[in-house]
Amino acid sequence: MAPVLFLLCACVGPPAPDVELCRDVITRLCAEPVCSGVTAKLNTPAMGCEAELQRRSGCDVAEFAFTTPTRDRVLECRLPLVRESNLVVAHPPCEYVDETFRNCPDLVGFLGGTP
């Protein structure tokens, strides 16, 4: 019973700031090796993907806040990227990245890509 209670408490706390959520999504999309869908849809360089997407989206500044898409929409779009692991350093399978792009053209546009 104690391990279950610990796991439930591990998710308690204030939500991450928008800037951290934005950076988390970008980190997952740019995890090495970068999926071909990322370079194709987002037209990013193989090296410097994170910095480029942070610059385009505006989450390269600490005061960043979501408008369009909304925070809730980004959380929804992020689900496939965290399906197998909630560790930021985990590389999501490319089919999950493709699913994110298919289901979230607004996120693709937000990141400066072609929906």
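**Salt-bridge exercises**

At 9% relative accessibility, Asp24 counts as buried (buried means under 20% relative accessible area, exposed over 50%, partly exposed in between, with a 1.4 Å probe and protein chains only). This is a predicted model, where local features need pLDDT of at least 70, side-chain atom pairs count only at pLDDT 80 or more, and totals for chains, interfaces and linings use all residues. Residues are numbered from 1 along each chain as its sequence is written, and side-chain values use heavy atoms, with hydrogens and water left out.

**Exercise 1.** Work out which residue Asp24 meets in a salt bridge, and which network the pair belongs to.

*Solution.* 
- Start with the criterion: a side-chain nitrogen of Lys or Arg within 4 Å of a carboxyl oxygen of Asp or Glu.
- Asp24 passes with Arg28, at 2.9 Å from N to O.
- Both sit in helix 2, 4 residues apart, so about one helical turn separates them. (Helices are DSSP runs of H or I, at least four residues, and strands runs of E, at least two, numbered from the N terminus.)
- Arg28 is buried too, at 1% relative accessibility.
- Now widen the view: Asp24, Arg28 and Arg78 are linked in a network of salt bridges.

**Exercise 2.** Find the salt-bridge partner of Asp18 and say which helices the pair ties together.

*Solution.* 
- Asp18 pairs with Arg71, the closest N and O atoms being 2.6 Å apart.
- Asp18 lies in helix 2 (residues 18-29) and Arg71 in helix 5 (residues 71-78), so the bridge ties together parts 53 residues apart in sequence.
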